[in-house]
Amino acid sequence: MTFTKSEFKNPATTTLLELVKSRRTYYGLKAESPISDNAIERIVQDSVLHVPSSFNTQTSRVVLLLKEEHEKVWDIAISAMEGLVAAGHVPKEQFETATKPKLNAFRAAYGTVLFFVDYESLAPIKEKFAIYADKFDPFALESNAMSQYLVWLALESEGFGANLQHYSPLIDEQITKTWNLPASWKLDAQLVFGAPTSDAGEKTFAPVEDRFKVFGKSA
Ligand SMILES: Cc1cc2nc3c(=O)[nH]c(=O)nc-3n(C[C@H](O)[C@H](O)[C@H](O)COP(=O)(O)O)c2cc1C
């Protein structure tokens, strides 16, 4: 498939697509920020407010943790993993040589955004639209993923590197307790961000022809 150069009416479209292309996973991160904490907060808040949700149910809940507060997330994960080692569920050698260094690398970053879904808040709408009842939970997760992507994109647009992690349910209880969060907030993902210390890894792409089709296109 050959793509001809597209002319967009709005230059912001080109900028947006360039950002989409340049967003990557960065694991090498340090505790420095190219922007103010206020600017980070604005990115996260705007994503909470403006990312759509099915029936405008607004099910996403987000917690922004910076510096020492961010480090606590990864201390919780390290201590939870140590518990698994002590219980014989994870080999000590694997923990010491792979898991712990990885968790310490997340800890060395500047911040973590915790993304939650409040499934309990869907109870009234599930009752009202019973025919869709089984769709609302997946819709809520899809909306949450949209926020995750937007925050990832915007933080990297501002010079951060970021990676997306999933340590739930291992860390859920301590996360809820440490920041006194409502019990109905169900953790989905953790976006770790900081100043990049190394490049993103190689990335390969399956042929786009196998993944995309267009019909009815004018020349
Ligand atoms: C839904 C989703 C879940 C992911 N979960 C993890 C994860 O738990 N740990 C991790 O290191 N990377 C995770 N990633 C990152 C992917 O591995 C990564 O985005 C993918 O390999 C493409 O690389 P790129 O982000 O550099 O484009 C996840 C990405 C997505 C979209």
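Reader: Which residues touch the most other members in the largest nonpolar core?

Author: Ala-77, Val-151, Leu-155, Ala-162, Leu-191, Val-192 and Phe-193, out of 34 residues in that core. A nonpolar core here is a set of buried Ala, Val, Leu, Ile, Met, Phe, Trp, Tyr and Cys residues joined through C-beta atoms within 7 Å. Buried means 20 or more other C-beta atoms within 10 Å of the residue's own; exposed means 12 or fewer, partly exposed is in between, and C-beta atoms are placed from the backbone.

Reader: Which element gives the largest share of this core?

Author: H6, with six residues. Helices (H or I, at least four residues) and strands (E, at least two) are DSSP runs, numbered from the N terminus.

Reader: Experimental or predicted?

Author: This is a predicted model: local features need pLDDT of at least 70, side-chain atom pairs count only at pLDDT 80 or more, and totals for chains, interfaces and linings use all residues. Residues are numbered from 1 along each chain as its sequence is written.

Reader: What does Phe-193 contact, leaving aside neighbours within four places in sequence?

Author: Leu-29, Ala-109, Tyr-110, Gly-111, Leu-155, Phe-160, Gly-161 and Ala-162. Contact means C-beta atoms, placed from the backbone, within 7 Å.

Reader: How many helices and strands in the chain?

Author: Seven helices and five strands. From the N terminus the order is α-β-α-β-α-α-β-α-α-β-α-β.

Reader: New topic. Which residues surround the ligand?

Author: Arg-24, Thr-25, Asn-163, Leu-164, Gln-165, His-166, Ala-200 and Lys-203. The cut-off is a C-beta atom, placed from the backbone, within 6 Å of the molecule.

Reader: How does that shell divide into nonpolar, polar and charged?

Author: Two nonpolar, four polar and two charged. Ala, Val, Leu, Ile, Met, Phe, Trp, Tyr, Cys and Pro count as nonpolar, Asp, Glu, Lys and Arg as charged, and the others, Gly among them, as polar.

Reader: Backbone now. Where is the cis peptide bond?

Author: Between Ser-168 and Pro-169, with omega about 10 degrees. Pro-169 sits in the loop between strand S4 (161–165) and helix H7 (172–178).

Reader: And what is phi at Asn-56?

Author: Near 55 degrees, a positive value in a residue other than glycine. Most residues other than glycine have a negative phi. Asn-56 lies in the loop between H2 and strand S2 (60–66).

Reader: Why does Asn-56 count as exposed?

Author: Because Asn-56 has 9 C-beta neighbours inside 10 Å.

Reader: What about Gln-58?

Author: Gln-58 has a positive phi of about 55 degrees and is not a glycine. Gln-58 is partly exposed, with 16 other C-beta atoms within 10 Å.

Terms used: Contact = placed C-beta atoms within 7 Å.
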